Amino acid sequence: MAIQLMNRLCNTSTLNLKTTSSHPNPCLSNTRRTRTIRVYAVSSSTSSNNARQLIQSGAVRPVRPSEAGALIAEEGLVLLDIRPVWEREKAHVTGSLHVPLFVEDKDNGPLTLLKKWVHFGYIGLWTGQYFTTLNPDFFETVEETVPDKSTKLLVACGEGLRSMMAVSKLYEGGYKNLGWLAGGFNRAKDGDFRAVEGSEKLEYATIGGVSYIFLQLLIFLRAVGNNTS
């Protein structure tokens with residue numbers, strides 16, 4: 001996640017809708033650890049595949065960040081931010097609704113603690129992301145927040161992968177006027193949305209941990225380069 005953002009900062013990344021949400025690490029040579037990562041990828045790919053089919057068929061509308069602000073104002077799209085709390089606190093679109101698809105896993109059982117330790121070593125330390133679990137109340141909370149299922153919802157997350165999972169769940173639950181923020185907030189630019197709140201830019205809200213330090217260094221070096229050119 002963070003590596004893709006840094007690549008985009010250097011203008012080298014591309015959006016690939018065929019990529020499922022996973023965090024491969026070349027250092028994971030242990031067979032058991034590798035198997036765990038693969039199980040995660042398979043479990044998330046089912047909803048992602050369903051969402052891709054909905055998008056390709058036209059049942060769900062893909063919306064680029066560059067056009068999202070105008071569509072919200074002109075067509076009455078309601079922006080549904082499904083990112084976890086710690087990402088939204090860094091930056092969010094003013095007036096957007098918030099129902100997280102993933103929440104922090106606060107289970108302290110032996111197995112979960114082991115998973116958290118592995119997660120921190122390979123992911124959390126570098127990205128600042130907590131060890132999460134699917135929000136069991138996600139759909140019910142959306143129903144309470146948006147009871148009218150004919151509402152035009154634009155579902156958004158950081159990279160567009162988690163929102164694909166959310167789109168699949170919402171469509172199956174009866175929400176048929178759905179839009180999907182293609183590429184997520186990571187591809188948003190200044191001015192794409194009328195107002196943004198928080199201490200960071202939308203495009204950097206998913207970055208934390210050690211990766212955030214590298215990001216700030218890259219921004220600084222680029223600024224120095226622009227000033228000297």
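Trainee: Is Lys-201 buried, partly exposed or exposed?

Mentor: This is a predicted model, in which local features need pLDDT of at least 70, side-chain atom pairs count only at pLDDT 80 or more, and totals for chains, interfaces and linings use all residues. Residues are numbered from 1 along each chain as its sequence is written, and side-chain values use heavy atoms, with hydrogens and water left out. Buried means under 20% relative accessible area, exposed over 50%, and partly exposed in between (1.4 Å probe, protein chains only). Lys-201 has 38% relative accessibility, so the residue counts as partly exposed.

Trainee: Which residue forms a salt bridge with Lys-201?

Mentor: A salt bridge is a side-chain nitrogen of Lys or Arg within 4 Å of a carboxyl oxygen of Asp or Glu. For Lys-201 the closest N and O atoms are 3.4 Å apart, and the partner is Asp-190.

Trainee: How many residues apart in sequence are the parts that Lys-201 and Asp-190 tie together?

Mentor: Helices (H or I, at least four residues) and strands (E, at least two) are DSSP runs, numbered from the N terminus. Lys-201 lies in the loop between β9 (196-197) and α8 (209-228), and Asp-190 in the loop between β8 and β9, so the parts are 11 residues apart.

Trainee: Which residue pairs with Arg-162 in a salt bridge?

Mentor: Arg-162 is in helix α7 (residues 162-172), and the partner is in helix α4 (residues 85-90), 75 residues apart. The closest N and O atoms are 3.0 Å apart, and the partner is Glu-87.
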